Amino acid sequence: MKFRRTFARAGAVAATAVLLATAAGPAAPATARTSSRADTVRMTVESVSPSTPTPSATPKSLTVNIRLENTTDAVLRKVRLVGERGEPIGTQVELDKSLAGAAAPPSSGIPIPPIRQETVDIPAQASVTVPFITRYSVADDGSGLCLCAQAAVYPLYFSAHVLGDGGVDQRLGVVATYLPSFYENPAPERVNWIWPLIDRPHRLFSDTVFTDDQLAGTVALGGRLDRALQVVQEVGPTIPLTLMIDPELIDELAVMAGAGGYTVQSDGQPVPGTGQAAAAAWLDRLRLVLATDPLVQVELTPYADPDIESLNRQGLSWTNTMPPEMKTRVSEALPGPSLGATVAWPASGAISANTLRILAARGTSTVVINASAVTPRTAEGAVQAGLARVETGGTDLAAALLSPAVEKYVNKAVVTDGAAALPQLVAELAVRAAQEPDAEHAVVITAPRYVDPSVPAAVQAIKDTSRSTFAKPVSLRTAVSGGLLPTARSRLAPVPASAAALPATTLAAASRVATALPDVTSMLTPTARKGVVTRPDPAAQTLLASLPVANQRAESSAWRQPDPANRIAGEAYARAMTDRIDSIENGVQIVRPSSGAYTLASNTSPLPITVDNKLPYPVTVRLTVTTDVNGLPGFSTTDIGLQTVDSNQKRTLNVPTKTERSGRIKVHALLLTPNRVPLGESVPLTIRSTALGAIGVIITIAAGVVLALALLIRFGRRLRKSRRSSPPSADAAAERLDEARS
């Protein structure tokens, strides 16, 4: 048998050589040779049909459409295609090696005889598409492409040739593609596609005010999300798809489609949005899919699809709980069975143990991550595992492992020229079955997060990879709940630094908001004082409710995308968040006195400090006054507690003081939130005290006493002196006269 196959193969080579020579024209001389003018023609395989042929004893047709691009400034005449088949590939190692040198046909290639050999002329700097049509079967008789191996992936090489001067055959370019074939169907690979319906946020603080109107064009006829939904509509009835949907997107569309309409900020001014009809039509189509296609599984990301691993690494949080208004609109937009939120798909492709614990606590049962995110990793050359079991906090979670080799071709297979990458994608899947035909493997495939598909290419890619001689589709829920999930546990690998890819400006803004939010909340939420409860201001409560929602929108995974437009939009969101917090904290200030100083007339005179609230809602603050020198004797104040300043008003707060010294006293006045966090910088003030303190009073009294004593002494002295200098009285003179007579 081996001898006959070798003989038949030799006959096939000879017959094909004669056929090619006849089709090319007069035979070349015996001394003719083949020379290479590589890259003169750039070649691309546009499609292979069928892409996963079923072996047959009866010859069947195989068509390979190849685009030939003339890279020269001269017309290339009578260009013909030559096909060769390489040795069948049965292992991942062999396929990797072949893919690494895909454009290099082996010297031992087996000719593929075309049904009809044709030549084409290619104008200068132009391209043409040429079909290479042959037959395939399991017969090794030289009549066509022999799919002879039990289970294999066949590399096919196609080259463009012309006859040059002197009859020299010149090869102008070469391209490779792959064709899987199985004599007997192996244990099927269970394939599940995750198809995202996600867009970047288009709102920040208000549910009805959009930062732009780009979403209207995205869901309109021909837009990105229109085409993404078309793929679901065409595939959903027959192939189980897992739709990853951002509820923020659904809520945006529900608002756009609502009777109240929406506005868009344009040069700082609100203008009516234009996407009401397109949003309503898109939502209607999605509802119809969910109502009529039971194979479609819906999973929701946290709203705005935050970059959970980047946030967790920075100690920042996110929430799975939608705001009440959003939850109501999303439920009304997508009625019917409850929407799932059990699958997490981190944009980084990796996850830390701490993040996994948070997800598990919030109801996540499956995470979709890169194969490199778990250990132990698949040994080199072995078939890549598609599922793993990981444990956190005593709970097992399923991990759907994405193959880098598969994902590399998925990104190409679903876009405009996707058919060219489909054979490589199919080969990556088929080689697993060829290497281990008795094992039932699970494969989870994700389209790009912001997929921009060619509908025909994407539909073909999903169908050809899901249903073939070696593959069957399965829902993700079925895959992780059945026997495909291994019993042994894997561990999470360390998360690489590159996984945290949110811009620094976004992370800084998110941290700023997270830190300030409790303080801002305490400012704008009135507290009961002396048993009196003040009703919250509606405008303030609306603002407080919008801040965490806006912050999660500013933390979206969309801002980590390399697209410059997304980066710019993300930076704008970050600045807007920081500016909003700054405007609140800086909206309440202490008014400096015009003279720069206060004068206190007594030792208990209150210190009047005016607070200016420029915000459109009342605020509650504290006020402290301290001296330049801590513990400076002779001056103290009394805490006046929480104080409310009405919206757009000024209020003078009288701070009780006790002054025991006179002269200039330098102090600092500082506004605080109710939970004693400073609002801005302290304001330096100067106090002039004309009041006497206790020491001054004592000194004054003592001086008065001394002065009084001095006056009394002086008066006594003057009295005595006046007595000595006054003339004697008549009695005294008579007495002295009597004494003299005697």
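Gln552, leaving aside its neighbours within four places in sequence, is in contact with Pro302, Tyr303, Ala304, Pro306, Trp318 and Thr319, where contact means heavy atoms within 4.5 Å. Gln552 belongs to helix H15 (residues 538–554), and helices (DSSP runs of H or I, at least four residues) are numbered, like strands (runs of E, at least two), from the N terminus. Gln552 has a relative accessibility of 3% and therefore counts as buried; buried is the word for under 20% relative accessible area, exposed for over 50% and partly exposed for what lies in between, with a 1.4 Å probe and protein chains only. The C-alpha atoms of Gln552 and Ala510 are 8.2 Å apart in space, while the two residues are 42 apart in sequence.

This is a predicted model, in which local features need pLDDT of at least 70 and side-chain atom pairs count only at pLDDT 80 or more, whereas totals for chains, interfaces and linings use all residues. Residues are numbered from 1 along each chain as its sequence is written, and side-chain values use heavy atoms, with hydrogens and water left out.

**The chain as a whole**

The chain holds 18 helices and 34 strands, and 47% of its 742 residues are buried. Of the contacts in the chain with a separation of 6 or more, 77% are between residues 24 or more positions apart. The chain exposes about 34700 Å², of which carbon and sulfur atoms supply 55%; accessible areas come from the Shrake-Rupley method with a 1.4 Å probe, and for residues only the protein chains shown count as cover.

Strands of a sheet pair through backbone hydrogen bonds, either parallel or antiparallel. Two strands are taken to pair here if DSSP finds at least two bridges between them. Strand E13 (residues 241–245) pairs in the parallel sense with strand E16 over 4 bridges, and strand E11 (residues 189–197) pairs with E13, also in the parallel sense, over 5 bridges. Within these pairings, Thr242 stands opposite Gln297 in E16, and Trp193 has Leu241 in E13 as its bridge partner.

Because 5 of the 5 residues of E13 are buried, this strand is largely enclosed by the rest of the structure. Leu241, Leu243 and Ile245 point one way from E13, Thr242 and Met244 point the other way, and all are buried. Strand E16 (residues 297–300) is likewise covered on both faces, with Gln297 and Glu299 buried on one side and Val298 and Leu300 buried on the other.

E17 runs parallel to strand E18 (residues 366–370), and 2 bridges join them; Val343 stands opposite Thr366 in E18.

Strand E3 (residues 60–70) pairs with E7 in the antiparallel sense over 10 bridges, and the bridge partner of Leu68 in E7 is Val128.

**Rings and charges**

The chain has 4 aromatic pairs, counted where rings of Phe, Tyr and Trp (its six-membered ring) have centres within 6.5 Å; planes under 30 degrees apart count as stacked, over 60 as edge-to-face and the rest as tilted. Two of these pairs are set out below.

| Pair | Centre to centre | Angle between planes | Arrangement |
|---|---|---|---|
| Phe132 and Phe158 | 5.0 Å | 65 degrees | edge-to-face |
| Phe182 and Phe470 | 5.7 Å | 45 degrees | tilted |

Phe132 in strand E7 (residues 127–137) and Phe158 in strand E9 (residues 151–163) are 26 residues apart, and their pair links distant parts of the chain. Phe132 is buried, with a relative accessible area of 3%, and Phe158 is buried at 1%. Phe182 lies in strand E10 (residues 169–182) and Phe470 in the loop between helix H12 (455–466) and strand E23 (471–473), so this pair ties together parts that are 288 residues apart in sequence. Phe182 and Phe470 are both buried.

A charge sits over a ring if NZ of Lys or CZ of Arg is within 6 Å of the ring centre and within 35 degrees of the ring normal. Arg362 lies over the face of Trp318, 4.7 Å from the ring centre, and the charged end of Arg580 sits over the ring of Phe205, 3.9 Å from its centre.
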